[in-house]
Number of protein chains: 2
Amino acid sequence: MYSSELIRGTLKTIVLKLLKEEGKMYGYEITQKVKDLTAGKIQITEGALYPTLHSLEAEGFVTTETVHIGRRVRKYYKLTTDGRATARKKLSEMADFLGTMRILFGSDAGMKHA
Amino acid sequence: MYSSELIRGTLKTIVLKLLKEEGKMYGYEITQKVKDLTAGKIQITEGALYPTLHSLEAEGFVTTETVHIGRRVRKYYKLTTDGRATARKKLSEMADFLGTMRILFGSDAGMKHA
DNA sequence: GCTTATACATAATATTCTTATGTATATTTA
DNA sequence: TAAATATACATAAGAATATTATGTATAAGC
(Lines give C-alpha, C1' and ligand atoms only; values in the text may rest on other atoms or scores of the structure.)
Protein backbone atom coordinates (compact mmCIF):
# COMPACT_ATOMS: atom_id res chain seq x y z
CA MET A 1 0.00 0.00 0.00
CA TYR A 2 1.12 3.52 -0.79
CA SER A 3 1.02 6.22 1.83
CA SER A 4 -2.46 7.46 1.16
CA GLU A 5 -1.48 11.03 0.33
CA LEU A 6 -0.17 9.98 -3.09
CA ILE A 7 -3.43 8.39 -4.13
CA ARG A 8 -5.31 11.43 -2.93
CA GLY A 9 -6.85 13.21 -5.87
CA THR A 10 -6.66 10.32 -8.31
CA LEU A 11 -9.80 8.45 -7.25
CA LYS A 12 -12.30 10.27 -9.45
CA THR A 13 -10.09 9.84 -12.50
CA ILE A 14 -9.60 6.14 -11.77
CA VAL A 15 -13.35 5.59 -11.52
CA LEU A 16 -14.03 7.47 -14.76
CA LYS A 17 -11.35 5.47 -16.53
CA LEU A 18 -12.77 2.14 -15.41
CA LEU A 19 -16.34 3.08 -16.28
CA LYS A 20 -15.19 4.22 -19.69
CA GLU A 21 -13.49 0.88 -20.30
CA GLU A 22 -15.96 -1.50 -18.73
CA GLY A 23 -19.21 0.18 -19.69
CA LYS A 24 -20.84 -0.35 -16.34
CA MET A 25 -19.63 -1.36 -12.91
CA TYR A 26 -20.83 -1.47 -9.34
CA GLY A 27 -18.98 -0.13 -6.34
CA TYR A 28 -17.58 -3.29 -4.86
CA GLU A 29 -16.50 -4.40 -8.33
CA ILE A 30 -14.50 -1.20 -8.72
CA THR A 31 -12.63 -1.77 -5.46
CA GLN A 32 -11.71 -5.31 -6.54
CA LYS A 33 -10.71 -4.31 -10.06
CA VAL A 34 -8.34 -1.64 -8.77
CA LYS A 35 -6.90 -4.02 -6.20
CA ASP A 36 -6.31 -6.58 -8.96
CA LEU A 37 -4.79 -4.17 -11.46
CA THR A 38 -2.40 -2.76 -8.88
CA ALA A 39 -1.43 -6.01 -7.17
CA GLY A 40 -3.02 -4.78 -3.96
CA LYS A 41 -1.01 -1.58 -3.87
CA ILE A 42 -4.10 0.56 -4.20
CA GLN A 43 -7.06 -0.44 -2.11
CA ILE A 44 -9.98 1.90 -2.42
CA THR A 45 -11.93 2.19 0.80
CA GLU A 46 -15.69 2.31 0.86
CA GLY A 47 -15.67 5.57 2.78
CA ALA A 48 -13.84 7.14 -0.12
CA LEU A 49 -15.53 5.39 -3.02
CA TYR A 50 -19.23 5.70 -2.29
CA PRO A 51 -19.18 9.46 -1.66
CA THR A 52 -17.21 9.81 -4.90
CA LEU A 53 -19.75 7.80 -6.86
CA HIS A 54 -22.59 9.79 -5.35
CA SER A 55 -20.92 13.03 -6.25
CA LEU A 56 -20.34 11.85 -9.83
CA GLU A 57 -24.05 11.12 -10.01
CA ALA A 58 -24.96 14.50 -8.53
CA GLU A 59 -22.77 16.16 -11.17
CA GLY A 60 -24.58 14.26 -13.90
CA PHE A 61 -21.57 12.25 -15.02
CA VAL A 62 -23.06 8.85 -14.26
CA THR A 63 -26.47 7.24 -14.04
CA THR A 64 -27.34 4.31 -11.82
CA GLU A 65 -29.30 1.12 -12.22
CA THR A 66 -30.16 -1.05 -9.25
CA VAL A 67 -30.13 -4.79 -9.81
CA HIS A 68 -31.24 -7.51 -7.43
CA ILE A 69 -28.94 -10.50 -7.13
CA GLY A 70 -30.90 -12.99 -5.06
CA ARG A 71 -31.93 -10.85 -2.11
CA ARG A 72 -28.94 -8.58 -2.35
CA VAL A 73 -28.75 -5.24 -4.13
CA ARG A 74 -26.18 -4.09 -6.63
CA LYS A 75 -25.99 -0.55 -7.92
CA TYR A 76 -24.45 -0.27 -11.36
CA TYR A 77 -22.90 2.97 -12.54
CA LYS A 78 -22.51 3.99 -16.16
CA LEU A 79 -21.22 7.16 -17.84
CA THR A 80 -23.55 9.75 -19.33
CA THR A 81 -22.61 11.72 -22.44
CA ASP A 82 -21.31 14.44 -20.15
CA GLY A 83 -19.46 11.80 -18.17
CA ARG A 84 -17.73 10.49 -21.27
CA ALA A 85 -16.55 13.98 -22.17
CA THR A 86 -15.30 14.53 -18.63
CA ALA A 87 -13.57 11.16 -18.67
CA ARG A 88 -11.73 12.05 -21.87
CA LYS A 89 -10.63 15.37 -20.38
CA LYS A 90 -9.53 13.85 -17.08
CA LEU A 91 -7.66 11.01 -18.76
CA SER A 92 -5.75 13.31 -21.02
CA GLU A 93 -4.95 15.51 -18.04
CA MET A 94 -3.72 12.47 -16.14
CA ALA A 95 -1.49 11.38 -19.02
CA ASP A 96 0.01 14.86 -19.19
CA PHE A 97 0.42 14.95 -15.41
CA LEU A 98 2.22 11.61 -15.34
CA GLY A 99 4.59 12.92 -18.00
CA THR A 100 5.31 15.97 -15.90
CA MET A 101 5.94 13.81 -12.86
CA ARG A 102 8.41 11.78 -14.86
CA ILE A 103 10.26 14.97 -15.72
CA LEU A 104 10.27 16.08 -12.11
CA PHE A 105 11.32 12.75 -10.67
CA GLY A 106 13.64 11.55 -13.39
CA SER A 107 12.75 9.62 -16.50
CA ASP A 108 13.48 6.28 -14.84
CA ALA A 109 10.67 6.90 -12.36
CA GLY A 110 7.71 4.67 -12.98
CA MET A 111 9.52 2.42 -15.44
CA LYS A 112 10.08 -0.60 -13.22
CA HIS A 113 8.08 -2.80 -15.57
CA ALA A 114 9.91 -1.71 -18.73
CA MET B 1 -2.19 24.23 -14.90
CA TYR B 2 -3.55 20.92 -13.72
CA SER B 3 -6.77 20.74 -11.78
CA SER B 4 -5.39 21.03 -8.32
CA GLU B 5 -6.63 17.71 -7.03
CA LEU B 6 -3.98 15.81 -8.99
CA ILE B 7 -1.12 17.71 -7.45
CA ARG B 8 -2.62 17.26 -4.02
CA GLY B 9 -0.40 14.95 -2.01
CA THR B 10 2.72 15.30 -4.12
CA LEU B 11 4.03 18.54 -2.67
CA LYS B 12 6.05 17.11 0.20
CA THR B 13 7.72 14.61 -2.10
CA ILE B 14 8.55 17.30 -4.65
CA VAL B 15 10.16 19.45 -1.98
CA LEU B 16 12.22 16.56 -0.62
CA LYS B 17 13.38 15.65 -4.12
CA LEU B 18 14.53 19.19 -4.89
CA LEU B 19 16.31 19.60 -1.58
CA LYS B 20 18.06 16.29 -2.11
CA GLU B 21 19.27 17.43 -5.51
CA GLU B 22 20.10 21.05 -4.85
CA GLY B 23 21.49 20.78 -1.35
CA LYS B 24 19.74 23.85 -0.05
CA MET B 25 16.95 26.03 -1.31
CA TYR B 26 14.66 28.76 -0.08
CA GLY B 27 10.90 28.87 -0.46
CA TYR B 28 10.53 31.24 -3.34
CA GLU B 29 13.31 29.44 -5.20
CA ILE B 30 11.38 26.18 -4.89
CA THR B 31 8.25 27.70 -6.42
CA GLN B 32 10.27 29.03 -9.37
CA LYS B 33 12.19 25.82 -9.89
CA VAL B 34 9.02 23.74 -10.05
CA LYS B 35 7.41 26.26 -12.40
CA ASP B 36 10.49 26.08 -14.65
CA LEU B 37 10.79 22.31 -14.64
CA THR B 38 7.11 21.85 -15.46
CA ALA B 39 6.75 24.63 -18.03
CA GLY B 40 4.32 26.42 -15.72
CA LYS B 41 2.02 23.44 -15.39
CA ILE B 42 2.64 23.16 -11.68
CA GLN B 43 2.67 26.39 -9.74
CA ILE B 44 3.12 25.91 -6.04
CA THR B 45 1.25 28.49 -4.04
CA GLU B 46 2.74 30.09 -0.96
CA GLY B 47 -0.20 29.06 1.17
CA ALA B 48 0.65 25.45 0.39
CA LEU B 49 4.44 25.65 0.40
CA TYR B 50 5.25 27.48 3.61
CA PRO B 51 3.10 25.31 5.88
CA THR B 52 4.69 22.29 4.25
CA LEU B 53 8.21 23.57 4.86
CA HIS B 54 7.34 24.40 8.46
CA SER B 55 5.96 20.95 8.99
CA LEU B 56 9.07 19.34 7.49
CA GLU B 57 11.08 21.35 9.96
CA ALA B 58 8.83 20.37 12.86
CA GLU B 59 9.29 16.72 11.89
CA GLY B 60 13.05 17.17 11.92
CA PHE B 61 13.55 16.51 8.21
CA VAL B 62 15.06 19.91 7.43
CA THR B 63 17.01 22.60 9.17
CA THR B 64 16.88 26.28 8.31
CA GLU B 65 19.40 29.02 7.92
CA THR B 66 18.36 32.63 7.56
CA VAL B 67 20.44 34.75 5.24
CA HIS B 68 20.22 38.50 4.74
CA ILE B 69 20.32 39.69 1.15
CA GLY B 70 20.59 43.43 1.44
CA ARG B 71 17.76 44.23 3.81
CA ARG B 72 15.67 41.25 2.76
CA VAL B 73 15.55 37.87 4.41
CA ARG B 74 15.93 34.48 2.82
CA LYS B 75 15.31 31.26 4.68
CA TYR B 76 17.28 28.34 3.33
CA TYR B 77 16.15 24.79 3.93
CA LYS B 78 18.42 21.79 3.91
CA LEU B 79 17.86 18.09 4.61
CA THR B 80 18.90 16.49 7.88
CA THR B 81 20.13 12.89 8.04
CA ASP B 82 16.58 11.88 8.85
CA GLY B 83 15.36 14.01 5.99
CA ARG B 84 17.67 12.28 3.54
CA ALA B 85 16.37 8.88 4.60
CA THR B 86 12.79 10.07 4.28
CA ALA B 87 13.54 11.55 0.87
CA ARG B 88 14.94 8.24 -0.34
CA LYS B 89 11.86 6.42 0.90
CA LYS B 90 9.42 8.92 -0.57
CA LEU B 91 11.18 8.99 -3.92
CA SER B 92 11.19 5.26 -4.26
CA GLU B 93 7.53 5.19 -3.31
CA MET B 94 6.81 7.85 -5.91
CA ALA B 95 8.64 5.88 -8.62
CA ASP B 96 6.62 2.80 -7.74
CA PHE B 97 3.41 4.81 -7.66
CA LEU B 98 4.06 6.31 -11.09
CA GLY B 99 4.62 2.81 -12.43
CA THR B 100 1.30 1.70 -10.99
CA MET B 101 -0.43 4.70 -12.51
CA ARG B 102 1.01 3.81 -15.87
CA ILE B 103 -0.45 0.34 -15.54
CA LEU B 104 -3.83 1.74 -14.56
CA PHE B 105 -3.97 4.38 -17.26
CA GLY B 106 -2.24 2.56 -20.06
CA SER B 107 1.45 2.38 -20.78
CA ASP B 108 1.31 5.30 -23.21
CA ALA B 109 0.22 7.58 -20.38
CA GLY B 110 2.94 9.97 -19.37
CA MET B 111 5.13 9.27 -22.38
CA LYS B 112 4.41 12.39 -24.44
CA HIS B 113 8.04 13.38 -24.36
CA ALA B 114 9.34 9.99 -25.48
C1' DG C 1 6.10 57.03 -9.46
C1' DC C 2 3.88 52.68 -10.51
C1' DT C 3 4.02 47.98 -11.40
C1' DT C 4 6.02 43.72 -10.96
C1' DA C 5 9.13 40.60 -8.73
C1' DT C 6 11.17 38.85 -4.62
C1' DA C 7 10.35 36.90 0.03
C1' DC C 8 8.39 35.74 4.08
C1' DA C 9 3.91 34.40 6.83
C1' DT C 10 -0.83 33.13 8.56
C1' DA C 11 -6.01 32.46 8.76
C1' DA C 12 -10.52 31.05 7.00
C1' DT C 13 -12.42 27.93 4.12
C1' DA C 14 -12.96 23.89 0.98
C1' DT C 15 -11.99 19.41 -0.51
C1' DT C 16 -11.06 14.85 -0.03
C1' DC C 17 -9.69 11.29 2.34
C1' DT C 18 -9.38 7.87 6.79
C1' DT C 19 -11.45 5.58 10.33
C1' DA C 20 -15.36 4.01 12.54
C1' DT C 21 -19.82 2.46 12.44
C1' DG C 22 -24.15 0.44 10.72
C1' DT C 23 -27.05 -2.93 8.06
C1' DA C 24 -27.71 -7.18 5.61
C1' DT C 25 -27.04 -11.37 2.57
C1' DA C 26 -23.98 -15.15 0.70
C1' DT C 27 -20.27 -18.27 0.83
C1' DT C 28 -16.51 -20.82 2.67
C1' DT C 29 -14.26 -23.40 6.20
C1' DA C 30 -13.21 -25.50 10.54
C1' DT D 1 -23.59 -26.21 11.51
C1' DA D 2 -21.57 -22.38 13.64
C1' DA D 3 -18.18 -19.03 12.82
C1' DA D 4 -15.55 -16.49 9.79
C1' DT D 5 -15.04 -14.24 5.66
C1' DA D 6 -16.72 -12.12 1.46
C1' DT D 7 -20.11 -9.43 -0.85
C1' DA D 8 -22.66 -5.01 -0.99
C1' DC D 9 -24.55 -0.90 0.20
C1' DA D 10 -24.28 3.62 3.20
C1' DT D 11 -23.08 7.62 6.33
C1' DA D 12 -20.73 10.48 9.96
C1' DA D 13 -16.85 12.38 12.66
C1' DG D 14 -12.45 13.78 12.23
C1' DA D 15 -7.78 14.53 9.95
C1' DA D 16 -4.91 16.16 6.36
C1' DT D 17 -3.78 19.18 2.85
C1' DA D 18 -4.75 22.32 -0.29
C1' DT D 19 -7.05 27.13 -2.04
C1' DT D 20 -7.96 31.76 -1.52
C1' DA D 21 -7.35 35.89 0.76
C1' DT D 22 -4.75 38.83 3.31
C1' DG D 23 -0.68 41.00 5.45
C1' DT D 24 4.13 42.94 5.56
C1' DA D 25 8.23 44.52 3.33
C1' DT D 26 12.24 45.28 0.07
C1' DA D 27 14.13 45.39 -4.80
C1' DA D 28 14.02 46.05 -9.60
C1' DG D 29 12.29 47.61 -14.00
C1' DC D 30 9.76 50.79 -16.81
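**Notebook: sheets and the DNA strand D surface**

I began with chain B, where strand E2 (residues 62-69) and E3 pair in the antiparallel sense over 8 bridges. Pairing here requires that DSSP finds at least two bridges between the two strands. Helices (H or I, at least four residues) and strands (E, at least two) are DSSP runs, numbered from the N terminus.

I noted that this is a predicted model, in which local features need pLDDT of at least 70 and side-chain atom pairs count only at pLDDT 80 or more, while totals for chains, interfaces and linings use all residues. Residues are numbered from 1 along each chain as its sequence is written, and chains are lettered from A and ligands numbered from 1 in the order in which they are written.

**Chain B sheet**

I looked up the partner of B:Thr64 and found B:Tyr77 in E3(B). The hairpin of E2(B) and E3(B) has 2 residues between the strands, and B:Gly70 takes a positive phi near 65 degrees there. Next I checked strand E1 (residues 24-26) of chain B; 3 bridges join it to strand E3 (residues 72-79) of chain B, and the two run antiparallel. B:Lys24 stands opposite B:Lys78. B:Tyr26 has B:Tyr76 as its bridge partner.

**Chain A sheet**

I then turned to chain A, where 3 strands form an open sheet in the order E1-E3-E2, with antiparallel pairing. Strand E1 (24-26) and strand E2 (62-69) of chain A each have a single partner strand, so one side of each is left without a neighbour in the sheet. The twist averages 30 degrees from one strand to the next. For angles, axes are lines fitted to C-alpha atoms, for helices over the stretch in contact, and values run from 0 to 180 degrees between N-to-C directions.

E1(A) pairs with strand E3 (residues 72-79) of chain A over 3 bridges. I found A:Met25 bridged to A:Tyr77.

**DNA strand D**

I counted 27 residues around DNA strand D; the closest are A:Tyr26, A:Gly27, A:Tyr28, B:Gly47 and B:Gly70. A residue is near a strand if its C-beta atom, placed from the backbone, lies within 6 Å of it. H4(A) gives the largest share of this surface, 5 residues.
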